[in-house]
Amino acid sequence: MASRYPDLEKAIVSGVERAVASRRVAVAFSGGLDSGLAACLSERFAESVTLYTCGSDGSFDVLAAEELSETIGLPWIHLRISEDDVEDTIRRLISATGTDDPFTISYELQLFTVCESAEEPVVVSGQGADEYFMGCAKYVGCTDGDYDAYVKDGVKRLMEVSVPCELAIAEHFGKTLYYPYLDKNVVDCVGRIDPADLRPADMDSRKRVLKMVAEDLGYPYLAHRTKKSSQYGSGTTDIVRALAKRRGLMYNRYIQSLYEEVFPPSDSP
């Protein structure tokens, strides 16, 4: 069967090849479509590929990642996070990035832990697939005006908040971070796709185009992987909320208190 989006397919594959060819690679692996396709393509070109999943025991991401790692046949490492260690990890994340945004901290704890733990010099992330291939639930059933605003705001936050924070994490640990779905050639190809193809009609058609690419590349089992947002799928948010409650603080105030421990008000950057 001919590829349905040949230019996009070529852009994703060639981008991964340029980034990982003959190198040792770590994949920030959630067990979903985005990181699963990145892992499979990395295996084609890298010297070695190891999958890393950060999450609490029994969390959605950990169970999904373990299952998919067996299907793919790549080595998998579970980086456990728990109430015993997450507070110190948050402090180190704040110190490395200077961020005090509660959402960013809960979302980036997983990548921080992967970059800190992985021995490989290159870390591959599936970041950006939700924003460019319309993976978020909020895109379904909204008005045209809201949809356009969600898409614009999602890309804006991604490029102005998430990516700078993640690059700071990677630099802190001396890693090279690669995003297959933010590769310029990939983004250019997405921009030429009919917007109607990208917009999901229902929950099952989210990331429809990327699912087709995975199928056409020979990975049909990736196309129907379900996924939760990183901070929820990993169990991180539940752990942090429990610690905040123990201190008698709301979630946001708890994060702010940790930020102030790292950067006392008089010393804040």
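A residue counts as buried when its relative accessible area is under 20%, as exposed when that area is over 50%, and as partly exposed in between, using a 1.4 Å probe and protein chains only. With that in hand, let's walk through what you have above. It is a predicted model, where local features need pLDDT of at least 70 and side-chain atom pairs count only at pLDDT 80 or more, while totals for chains, interfaces and linings use all residues. Residues are numbered from 1 along each chain as its sequence is written, and side-chain values use heavy atoms, with hydrogens and water left out.

Start at Gly15. You'll find Gly15 in helix H1, residues 6-20; helices here are DSSP runs of H or I with at least four residues, numbered from the N terminus. Gly15 has a relative accessible area of 1%, so Gly15 is buried. Leaving aside residues up to four places away in sequence, Gly15 touches Tyr178 and Asp183, where contact means heavy atoms within 4.5 Å. Gly154, for its part, sits 139 residues from Gly15 in sequence and 23 Å from Gly15 in space, C-alpha to C-alpha.

Next, a pair of helices. Two packed helices are described by the angle between their axes and the distance between the axes. For H4 (residues 86-97) and H5 (residues 102-117), the axes come within 10 Å and cross at roughly 90 degrees. Those axes are lines fitted to C-alpha atoms over the stretch in contact, with angles running from 0 to 180 degrees between N-to-C directions. That makes H4 roughly perpendicular to H5, a label for angles of 65 to 115 degrees. Among the residues that meet are Val86, Ile90 and Leu93 in H4 and Ile105, Leu109 and Phe112 in H5. The contact of H4 with H5 involves eight nonpolar, two polar and three charged residues; Ala, Val, Leu, Ile, Met, Phe, Trp, Tyr, Cys and Pro count as nonpolar, Asp, Glu, Lys and Arg as charged, and the others, Gly among them, as polar.

Now for the rings. Rings of Phe, Tyr and Trp (its six-membered ring) pair if their centres lie within 6.5 Å, and planes over 60 degrees apart count as edge-to-face. By this rule there are six aromatic pairs. In one of them, the centres of Tyr139 and Tyr147 are 5.8 Å apart with planes at 75 degrees, so the pair is edge-to-face. Tyr139 is buried at 1% relative accessibility, and Tyr147 is buried at 8%. Tyr219 and Tyr221 also pair edge-to-face, at 6.3 Å centre to centre and 80 degrees between the planes.

Technical notes
Helix = DSSP H or I, 4+ residues; strand = E, 2+ residues; numbered from the N terminus. Parallel < 35°, antiparallel > 145°, perpendicular 65-115°, else oblique. Phe/Tyr/Trp six-rings, centres within 6.5 Å; stacked < 30°, edge-to-face > 60°.
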